[in-house]
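Please look through the structure shown here.

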Amino acid sequence: MRLAVRIPLLGVGAVLVTGLAAAMIAVVLGQNAVRVAAFAATEAGAEAYGATVQFYLKHAAQELESFSELDPVARTWSHEGLAEPESQGAIRTALSRSMAKIDRFEYVALVHLDGRVFLVEPATLQGELVRPDVAYLPWFSRLATKGAVVSDLFVSTVTHRSSVIVGTAVRDAGGRTVGYLVGGLRLSEVSALGGTPTAGYFGYLTDSRGLVVAHGRDPRLAAYQTDFSSVLPVRAALSGGEGVVEHHNAIEDEDRVAAYRPLPGLGWSVVYVVPTRLAFAPVGPLITAVSLTTVGLLTLVGFIAAVIARRATRPIGRLALAAEAIAAGNTTVRLPPAGTDEVGLLTREIEHMVRTLGERGDELQRRATELRAANEELESFAYSVAHDLKTPLRAISGFGSRLAKRLVEADPETTRDLGIIRANAQRMADLIDDLLEFARLGRQAPSFSIVDPAAIARDVLDELGTELSSREIEIVVGELPPCRADPHLLGRVYANLLSNAVKFTRAAGRPARIEVGCRADAQPVEYFVRDNGVGLDMAYAEEIFGVFKRLVREDEYEGTGVGLAIVRRIVGLHHGRIWVESSPGAGAAFFFTLTGGSP
Amino acid sequence: MNVNALRILLVEDSPTDLELAIDAMRSGGIANEILVARDGEEAIELLFGKDAPRPRPPLVLLDLNLPKVTGFDVLRRIRADRTYDRTPVVVLTSSRQSPDIERAYSLGATSYIVKPVDFEQFNHAVREIGYYWLVINEPPPEVEDAVSV
């Protein structure tokens, strides 16, 4: 990937990681803060609700007490021996007047000390009274002992519905308790203290057993005597605790934050509920704000990184172009100006490198020129050797022969001497030719192509025709795999090896047999020329490939002693190997490989 | 036109080779007059100078290793001239180096003979050359010299 892309990506990546981490921390912290605030608010709600309820009940008790002090109630009832039925009229009138003024109670009832109900106001409810005795109800004994009570939820003997009463003692002028006055609270009014059904948050009350007394969202729960004793905050409050819990209400399928506390004096529980979605409502905007900030930051950083990367990589790009031109051989290329940063350092290094490269190139060129000159000199030297050494030889041979012709009556010895002179002049010329060829092989690069060695060997045999036709030689050319070689040089190899084979089978005393073949299964393939001639001592197997190395006497076998040296040099040019396998009198086999010719 | 009446050109710097060559031709029965140039410069003067033979020599025997102007340069000069571009030029030299052979043919040599060192072989070669090019071979028709009109 290009640096101009990689650097902004790295920047964005880094910011993404840290930004996300920061955002998450912010969200968590924010959430916590919101939670703490929500809990505190809920708790405060519970406290206020509890106070309100307490205040309400206290007022109810005070009002009932004021009813009990009404003259007809206090005086008539106590003086007339707990009131004759005739005195009911005056009492009812006083009570109904007060109840009309303060509409807090569904009904009020006057109860004798023994629990019998004296009267119920309003009078319409008197007839509903199924049992004129309330001594059995749990709250009555408390009322009797303490002189005042707020009851738990119970089924009223008057209304036959769930009810909570406030009770107080009725005392005569002397302070003696002569009976009791109880008032049934309007529970719907108590429920209304806990909020409205649509507000979302609400409060509810349970009595000391966990039965719902008032419920801000659903007031009917009180009428049904619903048991909330197993609801988490209720349970906690009833056992005297106060606090805040988060819990799931399975019935309404709602997560809630609920603050709870006991209602002092009564053993009731006060619970104030805020649905979680309302309590944590501020978290939503917080997350949105954090997300937007993060995205904005990322975009900004990506943009800045891209700009920086472009500025940073532009000189590198220019440098790369210049380096490319240098690699293509242009050492005069102009580099961008070098600054003081790392790129500048690199630029200076490249400048230095280019200078060195240029100097080396010049040096190399000078060497090549020198080498060419030396080669040309050697060439002309070789030419001179060929020409100038052979001309005198020709003169020796020529004029020697003319001399021989003129001496018609020459004695046989003179003729023989002149013959030797001629033969040696020729031999000298052959040596010169072979040496020149040998020398030239070291300076010429072979030109390789795919060749058929068998065809080349056959061509060579055709050229050797004269000697072959004059003797009886069995020649076998086997099938040879094609190889990569210089065809001309490979021809010289076969020419030398085959002429050697022909030469050294001449005096072996048996029908000559020459085989051109190969060991195709060897790796690399081993080509060979085998004869059944005189063979050679393997002690000299290495020596015979040297220049002017001869194992045979010159008067027995002609030759300059350069042939095998030429062969070895050619095989060497093909990065191959040559060796001989032989024993005296048993023929010889010359093997060679041509590995280097392989592409 | 009688070919025997024509003069052939022999370019040879070695006096011994020259003597042996002339000797070989004479003993081989070649009767043509032989013009001799002892170096390349002389050969060019003879071929292109004021006293250039008329008609043109039917054969040029050319050594390669010559003082002053080499045989290759002479060959190039001959082939560059319209009046000589068909004349048989037989290179007769000591070199059997393949680069020399290659270069001579690419410059337009008609034939390339390596001078044998052995006297008998040398005689034989020179005689054969003369016999082939002057007796057996039919020379190209004479090209009129543009400036001689």
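How many salt bridges are there between chain B and chain A? The count is 4, where a salt bridge is a side-chain nitrogen of Lys or Arg within 4 Å of a carboxyl oxygen of Asp or Glu. One of them joins Arg422(A) to Asp118(B), with 3.2 Å between the closest N and O atoms.

The model is predicted, and local features need pLDDT of at least 70, side-chain atom pairs count only at pLDDT 80 or more, and totals for chains, interfaces and linings use all residues. Residues are numbered from 1 along each chain as its sequence is written, chains are lettered from A and ligands numbered from 1 in the order in which they are written, and side-chain values use heavy atoms, with hydrogens and water left out.

The side of chain B that touches chain A draws two or more residues from each of α1 (15-27), α4 (98-106) and α5 (119-136) of chain B; these helices are DSSP runs (H or I, at least four residues), numbered from the N terminus, and strands are runs of E, at least two. The largest share of that side, 5 residues, comes from α1(B). By type, the residues on this side are 7 nonpolar, 8 polar and 10 charged.

In total, 25 residues of chain B and 23 residues of chain A take part in the contact, which means heavy atoms within 4.5 Å. The size of an interface is often given as the accessible area lost when the parts come together. Between chain B and chain A the buried area (lost accessible area with a 1.4 Å probe, summed over both parts) is about 2,200 Å², and carbon and sulfur atoms give 51% of it.

Next come the aromatic rings. Over all chains, the whole structure has 14 aromatic pairs, meaning rings of Phe, Tyr and Trp (its six-membered ring) with centres within 6.5 Å; planes under 30 degrees apart count as stacked, over 60 as edge-to-face and the rest as tilted. Tyr527(A) and Phe592(A) are a stacked pair, 5.8 Å centre to centre with 25° between the planes. Tyr527(A) lies in strand β17 (residues 526-531) of chain A and Phe592(A) in strand β19 (residues 588-592) of chain A, so the pair ties together parts 65 residues apart in sequence. Tyr527(A) has 3% relative accessibility and therefore counts as buried (under 20% relative accessible area, with exposed over 50% and partly exposed in between; 1.4 Å probe, protein chains only). Phe592(A), at 0%, is also buried.

Methods: Buried area is the accessible area (1.4 Å probe) that two parts lose on being put together, summed over both. Ala, Val, Leu, Ile, Met, Phe, Trp, Tyr, Cys and Pro count as nonpolar, Asp, Glu, Lys and Arg as charged, and the others, Gly among them, as polar.
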